[in-house]
Amino acid sequence: MKKSLLLLLVVVMLFSAVSAISAADKPLAGVIWYNFADTFIQNARQSLLNVAKADGTIEITDADSNNDVATQTNNINNMFAQGVKYLVLNNINTNAISEICEQAKAEGVTTIFANTDSPSDEDFANYENLYLVTSRATQSGTIMGEAVAKYWKEHPEADRNGNGKLDYIMLLGFTWHYDTRVRAENSIKAVEDAGIETSRIGGELIAEYNRGKAQEMVAALLANYSDDIDAVFACNDDMALGAIEALKAGGFFKDEKTYIPVCGVDATAVGVDALKDGTLLVTSLNNPVKLGKAVYKTMWLLENGKEVTTETLGMDGVEVEGHRIWINYTPITKDNIEDAKYDITDPSF
Ligand code: GAL
């Protein structure tokens with residue numbers, strides 16, 4: 001072999017050995033999302049991957065639970081088996097929160113519950129390396145309720161069957177999910193706090209944050225309640241869009257007279273389009289980029305031996321209370337669509 005070729009080979013081998021060592025040296029974070037196909041989760045996931053890639057301090061490996069508890073359990077065990085230093089869990093096994101915290105403690109893995117129900121005060125007291133990063137869902141509920149109350153007061157014809165009550169449909173995500181429970185409760189609370197009597201149509205409609213499921217449910221209700229429905233509350237934009245589709249097919253949204261207030265949460269791109277075309281009444285920005293970045297920055301601070309506080313996190317609209325990190329919402333209507341912007345490719349944090 002020629003001398004120069006040999007030299008090149010040695011250099012290449014050295015280079016790959018060094019990069020293998022440095023990759024292995026990097027702390028690994030195992031991130032488990034409940035469903036890669038969920039619009040909001042898709043954006044949060046991408047943002048976290050982009051920030052991590054650009055920064056390079058912490059390596060990410062992620063997994064999809066496909067909306068299945070058993071798959072999530074497998075994912076958690078796989079992450080521990082891979083020796084992750086951090087576990088980020090978009091948990092769907094609400095009944096097992098304490099158990100998961102115990103397992104994480106036994107494994108010595110710093111764990112961040114993300115965009116999900118919070119571990120209890122006791123769980124936090126039992127394990128010092130436990131965190132929560134999620135949005136303040138109460139706000140998103142209140143934003144929907146206040147917008148519908150305002151609409152109702154400004155439009156006497158909004159009481160379509162004239163019974164003096166706001167007859168509404170409530171589209172729920174998952175009943176176990178903090179966001180769903182709190183959004184549903186607080187939206188109706190805001191309407192009732194405005195002095196409006198309410199009546200729910202169709203009972204508990206669990207559409208799993210899914211557009212198609214919501215569309216089917218609303219279409220089915222139209223058969224009996226087409227003259228009664230005064231408003232639709234949807235615990236996310238995807239479900240609101242499904243409701244709008246069904247209502248359109250049922251003869252609504254042709255003109256002002258056939259308008260029905262529908263509200264959502266997230267301010268996804270398609271949600272914002274529906275505000276623009278005058279179908280969706282209101283949504284609120286649940287910023288997936290802030291979720292991705294707050295998760296990354298929390299790990300980054302810990303990795304650098306720093307405490308996680310509102311100041312060290314340094315993100316607008318993100319507040320730290322103990323080990324709970326809360327992301328605020330922004331109300332979005334057709335009048336402030338520009339506030340719904342976020343950039344999932346932005347690597348800064
Ligand atoms: C919520 C979001 C929903 C859905 C859900 C999944 O915060 O608003 O659209 O993504 O999380 O856990």
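**Pockets, cavity and helix packing**

The largest pocket has a volume of about 360 Å³. The structure is a predicted model, in which local features need pLDDT of at least 70 and side-chain atom pairs count only at pLDDT 80 or more, while totals for chains, interfaces and linings use all residues. Residues are numbered from 1 along each chain as its sequence is written, and side-chain values use heavy atoms, with hydrogens and water left out. On a 1 Å grid over the protein atoms alone, a pocket is an open set of points with protein on both sides within 12 Å along at least five of seven lines, a cavity is a set of points where a 1.4 Å probe fits but cannot get out, and lining residues have an atom within 4 Å of a point. Grid points are joined across faces, edges and corners, and a volume is the space filled by probe spheres set on the points.

The lining of the largest pocket comprises 15 residues, with Tyr151, Tyr259, Leu281, Thr333 and Lys334 nearest its centre. Helix H6 (137-154) and strand S11 (280-285) each contribute at least two lining residues; helices (H or I, at least four residues) and strands (E, at least two) are DSSP runs, numbered from the N terminus. The largest share, five residues, comes from H6. By class, this lining holds seven nonpolar, three polar and five charged residues, where Ala, Val, Leu, Ile, Met, Phe, Trp, Tyr, Cys and Pro count as nonpolar, Asp, Glu, Lys and Arg as charged, and the others, Gly among them, as polar.

A search of the whole structure finds one cavity of 30 Å³ or more. The largest cavity has a volume of about 140 Å³ and is lined by 17 residues, of which Tyr34, Asp38, Asn115, His177 and Tyr209 lie nearest its centre. Helix H2 (39-55) and helix H7 (178-193) each supply at least two residues of this lining, which divides into seven nonpolar, six polar and four charged residues. Because domain 1 (2-135 + 287-328) and domain 2 (138-285) both give residues to the lining, the cavity lies between them; the domain bounds come from an automatic or database domain assignment.

Helix H8 (residues 211-225) and helix H9 (residues 237-249) pack at an angle of about 40 degrees, with their axes 7 Å apart. H8 is therefore oblique to H9. Axes are lines fitted to C-alpha atoms, for helices over the stretch in contact, and angles run from 0 to 180 degrees between N-to-C directions; angles under 35 degrees count as roughly parallel, over 145 as roughly antiparallel, 65 to 115 as roughly perpendicular and the rest as oblique.
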